[in-house]
Amino acid sequence: MNRGWITPAQFAAFGAAGTDAHRMFSDTEGWIERLAEDVLLSHKTDAARDAMHCGLAEWAAANIWQPRRIFEKLLPRQNEDRDSPVLFSGDPALPLTGEVRENGVRYGLDFAAGYSAGLFLDQRMNRAFVRNVAPKRMLNTFAYTCSFSVAAALAGAETVSIDLSKKSLDRGRANFLMNGLDPNTGHKFIADDVLEVLPRLARRAENFDAIVLDPPTFSRGNKGRRWQVEQHLEDLVIAAMELAAPRASILVSTNCTTIQFADLERVARFALKFHRRPGDLHREAQPPDFPPGHGARTLWISLRG
Ligand SMILES: C[S@@+](CC[C@H](N)C(=O)[O-])C[C@H]1O[C@@H](n2cnc3c(N)ncnc32)[C@H](O)[C@@H]1O
């Protein structure tokens, strides 16, 4: 990347790989994502926003790619201040829904659905890993729009996706259909609190070859139950490992800025010790459009038995 901008060669390589959803620019004060024909500019300050608009105009002129629309959103200090993106330029009559492609896989977008439009781009390498692992059964917790489940299902997996939000799971079902997958055959969508569902699955002795744990930093679950990733991640990994088949892969991921890779490793080793199971830890490569320090911290636990 050149001073935070994606290079023309990287831009072309994404296109050749069937990917039109990627970062275009990254900085400490904000970033720009390409989402098919549109871009979303996320900023912490007005000064960063103005500088990114200038940079985008220069980049577009030099690289002969003009976004159809530019959306903007503020990256607020507090979750309560999160808002949907707003249209900055482009035709206001165009629909706010659309789709993007990642390695040829289609995912729906909705700029009016809230703070996030539907796909977290920093998980691209982990979705590719899931597809390569080709699990027989995959458990996707905090599934949001089920992008991990789609990646697994395309590799032949049966999937169970859990999220508190029925609306997000409905978007997940739509993502299955968009990729020619029948969401009603071999796939379950459970609109409930992950922390209540995991023990239920354990009582039924269910197990999975791949498990995705990508919880939010903070949330309120059923009956107002408070979830705080710094406090509860260890319990979550322990509860999930109960459901892991021999040789399963478990993804532990967080956006919480106070949790570093070393913390994830400590949690993973503690869970392995707790269950007396052998396992290896690895990280997928940082996506090429995400500079160090950007995107979620993620770690795979590969069980050896
Ligand atoms: C960071 S997003 C997950 C992103 C997802 N892993 C992906 O890659 O697309 C967090 C999701 O967790 C859900 N959520 C928050 N607390 C929950 C809980 N206690 N039980 C189930 N889902 C929860 C939210 O509704 C939201 O969809």
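What follows is a walk through the ligand site and the nonpolar cores of this protein. The structure is a predicted model, so local features need pLDDT of at least 70, side-chain atom pairs count only at pLDDT 80 or more, and totals for chains, interfaces and linings use all residues. Residues are numbered from 1 along each chain as its sequence is written, and side-chain values use heavy atoms, with hydrogens and water left out.

Let's start with the ligand. It has 15 residues around it, and Asp163, Leu164, Val194, Asp214 and Ser219 come nearest; a residue counts as near if one of its heavy atoms lies within 4 Å. The shell splits into 8 nonpolar, 3 polar and 4 charged residues. Here Ala, Val, Leu, Ile, Met, Phe, Trp, Tyr, Cys and Pro count as nonpolar, Asp, Glu, Lys and Arg as charged, and the others, Gly among them, as polar.

Several N or O atoms pair up across this site. The side chain of Asp163 has an N or O atom 2.7 Å from an oxygen atom of the ligand. On its own the ligand exposes 610 Å², and the protein buries 89% of that (areas by the Shrake-Rupley method with a 1.4 Å probe).

Asp163 deserves a look of its own. This residue belongs to strand β9, residues 158-163 (strands are DSSP runs of E, at least two residues, and helices are runs of H or I, at least four, numbered from the N terminus). With a relative accessible area of 12%, Asp163 is buried, meaning under 20% with a 1.4 Å probe and protein chains only. Leaving out residues up to four places away in sequence, Asp163 touches Phe142, Ala143, Tyr144, Leu169, Ile190, Ala191 and Asp192, where contact means heavy atoms within 4.5 Å. A polar atom of the Asp163 side chain also lies 2.7 Å from the backbone nitrogen of Tyr144.

Now for the cores. The largest nonpolar core has 35 residues, and Leu139, Ile211, Val237, Ile250 and Ile301 have the most contacts inside it. Such a core is a set of buried Ala, Val, Leu, Ile, Met, Phe, Trp, Tyr and Cys residues joined through side-chain atoms within 4.5 Å. Strand β9 is among the elements that each supply at least two residues of this core, while α7 gives the most, with 7 residues. Another core, of 33 residues, lies apart from it and includes Val150, Ala151, Ala210 and Phe290.

Notes
Polar contact = N/O pair within 3.5 Å; in protein donor to acceptor, adjacent residues only side chain to side chain. Buried < 20%, exposed > 50% of the residue type's maximum accessible area, 1.4 Å probe, protein only.
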